[in-house]
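Please look over the sequence and the structure before reading on.

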Amino acid sequence: MTPDPAAQPKTFAASEEFAAQANATAELYTRAEEQGEEFWADQARELLTWSTPFTEVLDWSNPPFAKWFQDGTLNAAYNAVDRHVAAGNGDRVALYFEGEPGDSASYTYAQLKDEVSKAANAFEALGVGKGDRVAVYMPMIAEAVITMLACARIGAIHSVVFGGFSADALRSRIEDGEAKLVVTADGSYRRGKPTTLKPAVDAALEKGGDSVQHVVVVKRNGEDVAFQDGRDVWWHEVTENASTEHTPSEQNAEDPLFILYTSGTTGKPKGILHTTGGYLTQAAFTHKNVFDLKPETDVYWCTADVGWVTGHTYIAYAPLVNGATQVIYEGTPDSPHRGRFWEIVQKYGVSILYTSPTAIRTMMKWGEEIPGEWDLSSLRLLGTVGEAINPEAWTWFHRVIGGGRCPIVDTWWQTETGAMMISPLPGVTAAKPGSAQVPLPGIAVDVVDDAGTSLPNETDGFLVVRKPWPSMLRTIWGDDERFVNTYWGQFGDKYFAGDGAKRDADGDVWILGRVDDVMNVSGHRLSTPEIESALVSHPSVAEAAVVGAKDETTGQAVFAFVILSDQATAENRDAAELAEEIRAHVGREISPIAKPKKVLIVPELPKTRSGKIMRRLLKDVAEDRPVGDVSTLADQTVMQQIVDSLGAK
């Protein structure tokens, strides 16, 4: 099942004024269909600067191993910074940095070029060269982006590890990639308090990481950290005297740009490998057209962390390749106050905001009075990423944050796809709340059954990609066999995304969530996003997460974990009575089949620092077994709070 489009009939078209000036036109779809691979060749030539022009577009002679533009050469850092300076735009602001404590800095493209060049020279002086791996374990500070671009400049392969990961998680990624250098910081700030990062690097390297020769440490918050002579060096000491002159290395289009690890359902994390030319092409194309970027006037803000793929593609690379001015922010939405996001929008005149449904739902819970205190009139386009957005959150985002005037782009893509794959095109597509809608020009997706056969509209199935795309992952680092088995094993000639989906009567795509998030209850397929959407439409529910737990009678049973709204908490109603009321509400909203077996009222949900709900931990609770690894949670005490709260009832 999916949210019933009949119950959400309204679509939202951009204004005539917006559409008249939009970058994207319906003709893009026609061109992509008629030109095939040459469509992407045109984008690559138009959006990127090549040292050696390519003559071959796609080599698909050995599927699923793609090679795009393989006889061309270019450099990602040159495309992101140098060429804008050369074009006379060196005085344009590239980055506005906003620190959690309120400190700020800005970098023009000319200044960013100098900083990236200095870092590249410093890394080379430490012995890093083309093909070497550099592990990056950083807060959301400008030096994180500078480090990534400096690696790209010299042809080193960066492997960014999210700063919220544990020492063991960091060690496993350092070891798998055999990193030669680690770049980190003494610490960061988190909800008004200083935190440390360097001790986790030390702990990781005590247990392994023998390939690491040096650790470069940015002094961010002045926390006292240990230093190992001969290995550890301060960022400011190795960069302050480095030259601002550096010639970017020439990279083949298929040379690796980065490795980014993503959790596997079993076994060790998968090192997703992305290369240079095709990745940058699709990143720049989607950023320009999906966000309708006007680099001369827009201020763009993606609220992601560079530890995730969104922060790679839509912070470190595409905005800079496209010459945008962007904001990067170190902190959280609620520190030092719950209006922090809107304060930043007002301060910098943000016109394009790209954030997560989790963040939107959290701010819905806080109430619309808070954003109402700030001037959000600069906003002209909104975007969501990370998971399907429920229609209630979409409409709140549109009405309260966008003032009813901003198009919303609901984007579906993955670490593995490298860039957006399904999204409305603003000015072309009339947006439908809750649906990612249509594959982007040049992208071929389908919804298929177990045998790989295309399904008719209004039928649940598996989301696949039918033909290669430029920013696709090339392999899993060091494990081609796992790459083939994981992504191509089920359907052979089609990439399987791992997500369930269906098309509605109009042919628009609705994402049903991960396949293991699609529950089979008494032979009925139920999606967690659908039930969660029904739960949060109850006035007493602020947030919800649903899991399927084993059930002797029905195969799987629905367990719902809900956080109450502030008002419902204040009313202090009987928990059992309220839980039953919420169950009945889901039955009315979807069907009696979808009614949760249990609604469990909890104080918080287990989330990573990027806001992803760790449903596997909730499943442990639902199936009454010991709770699994909590090391990636933003607050590792949450699961104990949940267990204690349920035990008290």
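The sections below treat the basis of the model, an annotated region, a helix, the cavities, a histidine and some backbone features.

## Basis of the model

The model is predicted: local features need pLDDT of at least 70, side-chain atom pairs count only at pLDDT 80 or more, and totals for chains, interfaces and linings use all residues. Residues are numbered from 1 along each chain as its sequence is written, and side-chain values use heavy atoms, with hydrogens and water left out.

## An annotated region

An unreviewed UniProt entry lists residues 26–80 as "domain: Acetyl-coenzyme A synthetase N-terminal". UniProt positions follow the numbering used here, feature names are shortened, and annotations may be inferred rather than shown by experiment. Over residues 26–80 the chain is 45% helix and 20% strand, with 28 Å between the end C-alpha atoms. Helices (H or I, at least four residues) and strands (E, at least two) are DSSP runs, numbered from the N terminus.

## Helix 6

Helix 6 contains 13 residues and spans 19 Å from its first C-alpha to its last, close to the 18 Å expected at 1.5 Å a residue. The expected span is 1.5 Å times one less than the number of residues. Helix 6 is mostly covered, with 13 of its 13 residues buried. Buried means under 20% relative accessible area, exposed means over 50%, and partly exposed lies in between (1.4 Å probe, protein chains only). Just after helix 6, G155 adopts a positive phi of about 85°.

## Two cavities

How many cavities of 30 Å³ or more are there? The count comes to 2. On a 1 Å grid over the protein atoms alone, a cavity is a set of points where a 1.4 Å probe fits but cannot get out, and lining residues have an atom within 4 Å of a point. Grid points are joined across faces, edges and corners, and a volume is the space filled by probe spheres set on the points.

The largest cavity holds about 40 Å³ of space. Its lining consists of C151, A152, G155, A156, Q251, P256, L257 and T276; helix 6 (142–154) and strand 14 (256–262) each supply at least two of the lining residues. By class, this lining has 5 nonpolar, 3 polar and no charged residues. Here Ala, Val, Leu, Ile, Met, Phe, Trp, Tyr, Cys and Pro count as nonpolar, Asp, Glu, Lys and Arg as charged, and the others, Gly among them, as polar.

The second largest cavity has a volume of about 40 Å³. It is lined by V160, V161, F162, F165, R173, L260, Y261 and G307, which divide into 6 nonpolar, 1 polar and 1 charged.

H287 belongs to helix 10 (residues 277–290). Is H287 buried or exposed? H287 is buried, with a relative accessible area of 0%. Apart from neighbours within four places in sequence, H287 is in contact (heavy atoms within 4.5 Å) with D292, L293, Y300, Y314, A318, P319, N322 and A324.

## Backbone features in loops

Two peptide bonds are described here. The bond from P63 to P64 is cis, with omega near 10°, and P64 is in the loop between strand 1 (58–62) and strand 2 (65–68). The bond from S335 to P336 is also cis, with omega near 5°; P336 lies between strand 17 (325–329) and helix 12 (340–348), in a loop.

Q437 has a phi near 80°, a positive value in a residue other than glycine. Q437 lies in the loop between strand 20 (408–410) and strand 21 (445–448), and is buried, with a relative accessible area of 2%.

Key
1 Å grid on protein atoms, 1.4 Å probe; cavity = no way out; pocket = protein on both sides within 12 Å on 5 of 7 lines; lining within 4 Å.
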